[in-house]
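Hi everyone, thanks for coming. Let me put the structure up on the screen, and then we can walk through it together.

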Amino acid sequence: MANVVVVGTQWGDEGKGKIVDWLSERADVIARFQGGHNAGHTLVVGGEVYKLHALPSGVVRGGKLSVIGNGVVLDPWHLLKEIEGIRGQGVEITPETLMIAENTPLILPFHGELDRAREGLNTVAKIGTTGRGIGPAYEDKVGRRAIRVADLADDATLELRVDRALVHHNALRAGLGLEPIDRDAVLAQLREIAPAILEYAAPVWKVLTERRRAGERILFEGAQGALLDIDFGTYPFVTSSNVISGQAATGTGIGPGAIDFVLGIVKAYTTRVGEGPFPTELDDDDGQRLGERGHEFGTTTGRKRRCGWFDACLVRQTCATSGVSGIALTKLDVLDGFETLKICTGYELDGERYDYLPTAADRQARCTPIYEEMPGWQESTAGARSWADLPAQAIKYIRRIEELIQCPVAMVSTSPERDDTILVTDPFSD
């Protein structure tokens with residue numbers, strides 16, 4: 001049976017939550033493979049709004065297994081709070097419906113403190129971090145001083161891991177003018193929360209392998225977007241993990257051969273939260289209109305998103321680095337009523353034309369978009385569920401995007417409601 005990876009192809013906020021929820025009806029397992037609770041997914045199901053951060057989007061569907069993979073960094077206190085919130089909305093979450101990989105690194109309180117302190121003192125070039133400790137937790141993972149879920153099961157190991165982490169962190173904190181970490185307090189917090197987290201712990205790589213061999217369909221869910229990838233994003237204004245589709249394999253422990261289809265989520269225009277280059281950003285009435293009509297405020301932070309025209313050059317680039325099989329085009333209805341639409345087809349830099357975004361940050365910041373214009377449409381596309389429901393000019397816009405990004409459209413989303421979707425190619429078809 002086909003297994004599908006869902007990735008964002010812009011700077012995040014492309015509408016992955018709705019698409020993953022829509023696809024989860026066809027899946028047996030939904031696995032989150034990277035990121036932390038700095039990401040946010042908003043789902044609208046039968047009029048009920050669910051805001052998820054650490055939990056995979058599949059939890060709102062009964063009878064599915066949701067998995068938090070080892071590629072995620074997990075704040076255990078936030079997770080339990082989120083579980084209780086979702087339970088309060090009538091969703092059942094048990095160890096039979098949610099598993100956490102035993103080798104998942106934990107985000108501890110001092111990670112958030114370090115994150116906020118460094119960003120606050122950074123007067124050179126702020127990254128735009130959410131201050132939730134995501135970056136420092138990933139630093140500890142690659143620095144081999146992380147506390148992982150499995151460590152909570154053995155007190156001697158837990159003390160050793162905490163001591164190793166504090167040697168590093170207290171030295172950093174001294175340089176930042178922060179008080180040393182209270183070792184006993186950290187251990188007490190971890191011992192207290194350990195039973196509630198260990199209840200969900202499992203060898204996820206083994207479970208996924210067995211489920212795949214049994215013929216079950218697995219949906220791999222990422223957070224953020226490919227332009228925030230630590231290697232292929234607009235560095236240094238990126239997240240602290242790999243976001244592109246290859247991370248689905250290493251972030252869950254299943255081999256890359258298990259991936260059959262990569263679905264790239266693409267917003268019909270472009271948005272970005274935080275700092276960093278944004279070639280098609282609009283500071284005019286059109287940008288304001290996109291933001292208001294698209295309700296462009298972050299699910300996690302509430303920060304207003306920067307808005308701009310669709311950048312086909314960037315999406316073509318991210319479709320290549322993630323090996324996208326087909327795209328899901330979202331928020332098409334936000335463009336209803338525009339007289340003219342613009343699509344970025346390349347960049348001009350120092351008198352030369354580029355068909356990709358240069359790697360160096362200073363060159364990215366100086367890129368000027370090259371646009372082609374298309375007539376807009378005055379009819380509504382909101383709620384369309386077939387091509388026949390779309391205005392002719394909207395279809396032309398979609399077809400032009402396909403040509404420019406060199407990737408076919410598999411789905412079109414026309415509202416936050418899960419059923420307001422035009423299916424062209426079912427990613428789960430064999």
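Predicted model: local features only at pLDDT ≥ 70, side-chain atom pairs only at ≥ 80, totals over all residues.

Which residues of α3 meet residues of α4? On the α3 side they are F110, H111, L114, D115 and R118, and on the α4 side I134, P136, A137, E139 and D140. By class, this contact splits into five nonpolar, one polar and four charged residues. Two packed helices are described by the angle between their axes and the distance between the axes. For α3 and α4, the angle is about 115 degrees and the axes are 7 Å apart, and the crossing is right-handed.

Stay with α4 for a moment, residues 134-142. Within this helix, I134, G135, P136, A137, Y138 and D140 are buried. What do these buried residues pack against? They pack against α3, residues 109-121, and also against α5. Just after α4 you will find R144, which takes a positive phi of about 60 degrees.

Now for α3 and α5. Their axes come within 11 Å and cross at roughly 30 degrees, and therefore α3 and α5 are roughly parallel to each other. Here the crossing is left-handed. From α3, the contact uses F110, H111, E113, L114, A117, R118 and L121; from α5, it uses A165, L166, H169, L172, R173 and L176. Sorted by class, the contact of α3 with α5 has eight nonpolar, two polar and three charged residues.

D155, L158, E159, V162, D163 and L166 take part from α5, while R183, V186, L187, L190 and R191 take part from α6. The residues of this contact divide into six nonpolar, no polar and five charged.

Let's turn to the sheet. How many strands does this open sheet have, and in what order? There are ten, running β7-β6-β5-β2-β8-β1-β9-β13-β17-β18, with mixed pairing. At the edges sit β7 (201-202) and β18 (421-423), each pairing on one side only. Helix α7, residues 204-213, packs on the sheet and touches β2, β5, β6, β7 and β8. The direction of α7 makes about 145 degrees with that of β5.

Find β1, residues 4-8, in that order. Its pairing with β8 (218-221) is parallel, over three bridges, and V5 stands opposite F220 in β8. With β9, residues 261-267, β1 also pairs in the parallel sense, over five bridges; there, F261 is the bridge partner of V4.

Why do I call β1 largely enclosed by the rest of the structure? Because five of the five residues of β1 are buried. In a regular strand the side chains alternate between the two faces of the sheet. In β1, V4, V6 and G8 lie on one side and V5 and V7 on the other, and both faces are covered.

I30 has a bridge partner in each neighbour: S66 in β5 and L219 in β8.

One last stop. Is E92 buried or exposed? E92 is exposed, because its relative accessible area is 64%, and exposed here means over 50%. You can find E92 in the loop between α2 (76-87) and β6. The C-alpha atom of E92 is separated by 26 Å from that of D13, which lies 79 residues away along the chain.

How values were computed
Residues numbered from 1 in each chain as written. Heavy atoms only, no water. Contact = heavy atoms within 4.5 Å. Helix = DSSP H or I, 4+ residues; strand = E, 2+ residues; numbered from the N terminus. Nonpolar A, V, L, I, M, F, W, Y, C, P; charged D, E, K, R; others polar. Pairing = 2+ DSSP bridges. Axes fitted to C-alpha atoms, helices over the stretch in contact; angles between N-to-C directions. Buried < 20%, exposed > 50% of the residue type's maximum accessible area, 1.4 Å probe, protein only. Left-handed = near helix turned anticlockwise from the far one by under 90°. Parallel < 35°, antiparallel > 145°, perpendicular 65-115°, else oblique.
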